[in-house]
Amino acid sequence: MSDESKRLKAAYADDPSQRWVYWGPYLSERQWGTVREDYSDNGDAWNYLPHDHARSRAYRWGEDGLAGISDDKNRLCFALALWNGRDAILKERLFGLTNSQGNHGEDVKEYYFFLDNTPTHSWMRWLYKYPQAAYPYSDLVNTNAARGKQDFEYELIDTGVFDGDRYFDVQVDYAKAGPEDICVCITIHNRAPEPSTIDVLPTLWFRNQWSWKGTQAPTLVGDAGGPVATVKTSGTDLSSEDGYGAPMTLYCDGPQALYFVDNETNQARLWGSQPSPRYPKDGINDHVVAGADTVNPALTGSKASAHWRVAIDAGGSATVRLRLSADSALSDPFGATYAATLADRQAEADAYYGDLIPSGLDDDRKAIMRQAYAGMLWSKQFYSYAVRTWLDGDPAQPKPPPGHNRNQDWQHFFASNILTMPDTWEYPWFAQWDLCFQSVVFSRLDPTFAKNQLLVLAREWFMSPAGAIPAYEWNFSDVNPPLHAWASLRVFEHEQAATGGAGDLGFLEAMFRYCLLYFAWWANRKDLEGGDVFTGGFLGLDNISIVDRSSLKTLGDQINKDLELGQSDGTSWMGMFCLNMMDMALRLRQTGEAEYDRLAIKFFQHFVFITDAINGTVHDGGQPFAIWDDADRFYYDVLKVSDRHDPKHTCYQQIKLRSLVGVIALFPCYILDVDALEASTHAGLLSRIEWFSSVHPELLDQATVSDAGGGNRRLLSFVDPERLSQILRWVLDEAEFLSPHGVRGLSKAYQTPYTLQVEGQTLSENYEPAESTTYDFGGNSNWRGPVWFPINFLLIETLARFHRFVGDGYTVEHPHGSGAQKTLREVADDLTERMIAIFTRGADGNRPVFGGNQTFQQDPHWKDHILFYEYFHGDNGAGLGASHQTGWTGLITELLRGVTG
């Protein structure tokens, strides 16, 4: 067992001296656009606390900073600030465009990379590329504002600030000598052909809780005398639950100065109001950039920076050393133990990943996998949100305006947790189905953390009294695909495989109970007319449809009709949920509780009824409609159009648009191996299936396929092998779904737009392989052509599972039209390789993910720093959307492991 694995094993024990996860990368790169900081009456979270305010305004619910770390409650925070001598402000946090400023939505305009991290954060490495020219804030805003949806985004590299390699590579390494003893090494490389100077200002501060709670502020106290300067924490209730953590000392190796201010709002600058503190939050910025007398000469406050002004030769480098420790009496903080700690932790990280990453991968794939894991670990964030407090406002503050009412139906919600986030830039918050995928990846790194993530979202302070799991901060009531049971099974399986034995049945049992509540909520709230056809809105697929699936009322008002949507994907997710719950129940039969047998058959029966609904003709008030289209051999959403004055006048229209909503119908797939069950379960389950078959003989054949080899196995699926091949005819056609880099969100056939007539309204949709060119239905996250990792991952997993049932004797043409017959295992493997190839170098030496950006493709200081984008161009694999979205794309690690079902 590696040293890192030993630390991780001890980290969750009761011994506080082994809390190696107490400090970590829990500070966001940019806390912006978050609902929690928005006290406006119009819900415009992006503009309520803009970038220009961030340096001057104390945050309420979180903090941010470059390469930031904190304790597990964001009480004491540490991050990096920089100044190139030309910027108008210090570079303390990332800059980007708001949703309304970007021609394709919100977008970070910086280049930073998560290069390494271990599960206990004993070793972490971060890299930032800082231009030596003045950062072009106005140029980025104005040029993007002048561009439309048809245009490319205007990126930082397009402004010319990196021309001639005139930039600094700023690398930050963290190495823990102990759980609360962190060595910090900042290495700055001058990539320019001439000497250049940079100001480096590592910063330590307390998150401001005192202004909201009316308590006494803690303080930092500096000592600049001697070669090693120190900043020590002091103040009240440092170690209480609501306090500011244990006392810490920041040791600084030879800075030119220490600066202290108060982490409080500069009201005079922002609003011209008084009083403002003498040394407000932005005082260090004003002092360094403008020479203002805005830092406390007494070397005390709640925010402090150590200052190094470093001149670096052309092509040279310089190093800044710090140490943040609970030991206030280190006699030689930068002696031999400092260098040894950095070297040892890096070597231990190498050993840890040497065990975790398959040895058969080439070096390029190993590096991609390790950076993906690093991105996952850097995306662990402290998340604090008490909805009732936020709605009511803090006692020491003005009452929020009347329009301040987002998530008002979730006043029970209370979060103060480390959660895995889709991204650390811009409104860092959890997203329900993202977190499910992330937990599957985390189960390889830190099974305890992975299990806790799934558990916390289902706990009573998150889950609604009705049984709903919150979707994401912007609207907790939105509906995500119900993947909690699926993720729980995968996490359980991964840990079981790693440790041997029965696995953590206690975790599985707890998740089963929570998922019972969640399943009941879905069944009672999202079943269209009680016919086992489910709704759910956009279900995370944003603009995939020709109608706004989350807000049909707008279209309904235009045509003066009431609209409802029977969703192929919503129904499919519930079919998958049934099978996952049945699987969990059968596994939990090992606990000896016979009740799990009855619950297993309950979910089996519900799955059969859902199968009948999605495959047959549903009669709603005497009106028939169907999701499966026998002519096209594909599944479609169905639009119900009702007269508002006489609801009996109703018609149904299939939205015959080939998209992932039909492909998702493949995902409910389970092999029921009756012979592998315990004897009592075996007999009981068979008898109940036989009983159900006798009562509903017309249904069972639609949902089960018997083993052709004569074994006692049954395939539970919406599709039998014949229908599977018919659907795959579309999926594996390169003129339809199949791209060189995975399966597209929408068929490429719609380069010629698809149109639909609804009560005289002509609706239209076309294939868009890159960013959306319209503002339809959240169009800045485009599902109308790009490749998305999660759905592709589930498809690959599903095909592998089908193969385990049908075997090598079952083949399909792949790609369609090629004449080549492949097993489903071979198809799954090919799709896996197509996805992996997004990141690997091709024959031309380029990585598709970087598109036409030749700096990223060719420059030795750029080309091996991988970005894991939100989604990928449907034709060439270039990265699109958010650039650090390991919440989605961290699944590349599972594909690189060869785990596909």
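Colleague: Is glutamate 833 buried, partly exposed or exposed?
Modeller: Glutamate 833 is partly exposed, at a relative accessible area of 38%. Bear in mind that this is a predicted model.

Colleague: Which residue forms a salt bridge with glutamate 833?
Modeller: Arginine 365 does, and the closest N and O atoms are 2.9 Å apart. Arginine 365 sits in helix α9 (residues 363-378) and glutamate 833 in helix α23 (residues 824-836), so this pair ties together parts 468 residues apart in sequence.

Colleague: And arginine 365, buried or exposed?
Modeller: Buried, since its relative accessibility is 19% and the cut-off for buried is under 20%.

Colleague: How many salt bridges does the structure hold?
Modeller: There are 63. One of them joins arginine 729 to aspartate 733, with 3.2 Å between the closest N and O atoms. Arginine 729 is partly exposed at 31% relative accessibility, while aspartate 733 is buried at 12%.

Colleague: What about glutamate 797 and arginine 801, where do they lie?
Modeller: Both are in helix α22 (residues 789-806), four residues apart, or about one turn of the helix.

Colleague: Strands next. How many residues of β8 are buried?
Modeller: In strand β8 (residues 167-178), 11 of the 12 residues are buried, so the strand is largely enclosed by the rest of the structure.

Colleague: Which strands does β8 pair with?
Modeller: Strand β7 (residues 123-131) pairs with β8 in the antiparallel sense over nine bridges. In that pairing, tryptophan 123 has alanine 175 of β8 as its bridge partner. Strand β9 (residues 181-190) also runs antiparallel to β8, and 10 bridges join the two. There, tyrosine 174 is partnered with valine 184 of β9.

Colleague: How many residues are between β8 and β9?
Modeller: Two, and the strands form a hairpin.

Colleague: Last topic: where is valine 758 found?
Modeller: Valine 758 is in strand β32 (residues 754-758). It is buried, with a relative accessible area of 0%.

Colleague: What does valine 758 touch?
Modeller: Leaving aside residues up to four places away in sequence, valine 758 touches Ile559, Leu639, Val641, Gln653 and Leu763. Leucine 639 is 119 residues from valine 758 in sequence, and their C-alpha atoms are 9.3 Å apart.

Conventions: Residues numbered from 1 in each chain as written. Predicted model: local features only at pLDDT ≥ 70, side-chain atom pairs only at ≥ 80, totals over all residues. Heavy atoms only, no water. Buried < 20%, exposed > 50% of the residue type's maximum accessible area, 1.4 Å probe, protein only. Pairing = 2+ DSSP bridges. Contact = heavy atoms within 4.5 Å. Salt bridge = Lys/Arg side-chain N within 4 Å of Asp/Glu carboxyl O.
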